Amino acid sequence: MTRPRTVFAALASGLVAAGTFAALTPTADAATTLGAAAAAQGRYFGTAVAAYKLSDTVYAGILDREFTSVTPENEMKWDATEPSQGTFNYTSADTIVNRAIANGQKIRGHALAWHSQQPAWAQNLSGTALRNAMVNHVTQVATHYRGKIDSWDVVNEAFADGSTGARRDSNLQRTGNDWIEVAFRTARAADPAAKLCYNDYNTDGQNAKSNAVYALVQDFKARGVPIDCVGFQSHFNAASPLPADYQANLQRFANLGVDVQITELDIEGSGTAQADSFAAVTRACLAVTRCNGITVWGIRDTDSWRASGTPLLFDGNGNPKAAYTAVLNALGGTVTPSSPPVSSPPVTSPTPSTSVPAGACSATVSVNAWTGGFVATVKVTAGTAAITGWRVAATLPGGSAVTSTWNATAAGTSGTVTFTNASYNGRLTAGGSTEFGFQGTGTAPGTTPTCTPA
Ligand code: G3I
């Protein structure tokens, strides 16, 4: 998705941007973001999120524009949430969860019981002491997030790689073979509304490891052990490519009466080959009725745990890659409301305003426009005094409409649309600024938005 940039900036001093815009093109119905396109298919499109990156406006902008589900990448793991036994720290995970709730995004909890990323104290436990610690951990964390989690990875990566189909040896496994079902029963008691998933890698096609997971799910269903879903991590590269029987494997699990989810998708590579694989994964999920959604394991290539493999949908600058377009198209969406994107004529630059009074705020807008659509990025700046919230009113030309908003909440979609700060960007220091954005069909606001402290 490369859009020729036509940018104008208008400062909030009552100036009106001069100039005319391209004639309106009727709105296309196809969704223009991953989340909206997936929603039209009854599914979510999610990403792993790292709490410390949320202050990065490019990162947060893409997150809120494109994704309808989030998975904390590390913040809910045992080492993060219970750094010393019985002392729980939810600060980073809560940041992600509260932000997702405010933005209407689902949350995948990851992960309650796992052999890896255990705090040192747990690594040093065994037997009954470890079993009890695990049960307490699952209870405490699932209770803390009770009612907020769409799906929990209750147990992560409990089977060995290779041809044995055996359980992975771990301190948890050595507490007894029933540790997995105990974790699931404990999670159900703590948060009855969450879907409870088993999550693993190298289970994406039919093989000894996935057969072993299949047998576990079959056994749980037969004995009434609570399990609702199986997560397929789907980390692919040249050594571990997308299996030809990917869809069939998802389907055989679904046939056991569980939902299936693609939970950590990334595909190393570039260009058409990478895009084709991403599209194939997307089509496989859409073809399996019980496939609830897809989560990619990070936003930009540079956010990936395998950054050198450039395995994600956005490049390091936040630009969508061919793989993005392929996924969006596979979901039935299109990159822009009309194509090809055509830049609107440059607009005469207004004279900048330099002073904003105390207790006031100003709004500056820059626009990327093409025939039939636009993205507007609005910079909100406090005056000479700090403010604790803001509202920006932008008036759209007749026939134009806001289709999505990030880093703010929009009231209305046409005419004068009022954007209110999100929970995390309302407070501005004197002279401080923040940005929000919105995408629309038709033409961008032709007049300067007004900013009011709230
Ligand atoms: O936070 C510390 C930082 O303070 C320190 O300076 C730095 C030095 O290495 O490490 C930072 O922690 C790292 C953490 O990621 C946050 O970046 C850990 O060392 C590193 O081990 C950790 O890696 C995570 C990995 O799980 C650990 O197993 C990756 O971010 C995360 O993407 C990855 O996710 C896993 C899923 O949970 C399960 N499936 C496989 C997947 C990929 O490995």
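Which residues form a disulfide with their sulfur atoms 2.0 Å apart, one of them being Cys 197? The partner is Cys 229. Keep in mind as you look around that this is a predicted model.

Let's stay with that pair for a moment. Cys 197 sits in strand S5, which covers residues 195-200, while Cys 229 belongs to strand S6, residues 229-232, so the bond ties together parts of the chain that are 32 residues apart in sequence. Turn the model and you'll find that both Cys 197 and Cys 229 are buried. Now look along the S-S bond itself: the torsion there is about -90°, so we call this disulfide left-handed.

There are 3 disulfides in the structure, so let's visit the others. One joins Cys 285 to Cys 291, again with 2.0 Å between the sulfur atoms. Its S-S torsion is about -100°, so this bond is left-handed. What about the surroundings of these two cysteines? Cys 285 has a relative accessibility of 1%, and because buried means under 20%, it counts as buried. Cys 291 is buried too, with a relative accessible area of 1%.

Next up is the bond between Cys 361 and Cys 451, whose sulfur atoms are 2.0 Å apart. This pair links distant parts of the chain: Cys 361 is in strand S10 (residues 361-370) and Cys 451 is in strand S17 (residues 450-453), 90 residues apart. The torsion about their S-S bond is about -100°, so here as well the disulfide is left-handed. Both Cys 361 and Cys 451 are buried.

Number the bonded cysteines in sequence order, and the pairing reads 1-2, 3-4, 5-6.

Now let's move over to the ligand. How many residues are around the ligand, and which come nearest? There are 13 of them, and the nearest are Glu 73, Lys 77, His 110, Glu 157 and Glu 264. Sorted by class, this shell is made up of 6 polar, 4 charged and 3 nonpolar residues.

In the side chain of His 110, an N or O atom lies 2.7 Å from an oxygen atom of the ligand. Trp 297 also has a side-chain N or O atom 2.9 Å from a ligand oxygen. Gln 233 faces a nitrogen atom of the ligand instead, with a polar side-chain atom 3.0 Å away. As for how covered the ligand is, it exposes 780 Å² when taken alone, and the protein buries 46% of that.

Key. Residues are numbered from 1 along each chain as its sequence is written. This is a predicted model: local features need pLDDT of at least 70, side-chain atom pairs count only at pLDDT 80 or more; totals for chains, interfaces and linings use all residues. Side-chain values use heavy atoms; hydrogens and water are left out. A residue is near a molecule or strand if one of its heavy atoms lies within 4 Å of it. A polar contact is a pair of N or O atoms within 3.5 Å; within protein, one must be able to donate a hydrogen and the other to accept it, and residues adjacent in sequence count only if both atoms are side-chain atoms. Accessible areas come from the Shrake-Rupley method with a 1.4 Å probe; for residues, only the protein chains shown count as cover. Ala, Val, Leu, Ile, Met, Phe, Trp, Tyr, Cys and Pro count as nonpolar, Asp, Glu, Lys and Arg as charged, and the others, Gly among them, as polar. A disulfide is a pair of cysteine sulfur atoms within 2.5 Å. Helices (H or I, at least four residues) and strands (E, at least two) are DSSP runs, numbered from the N terminus. Buried means under 20% relative accessible area, exposed over 50%, partly exposed in between (1.4 Å probe, protein chains only).
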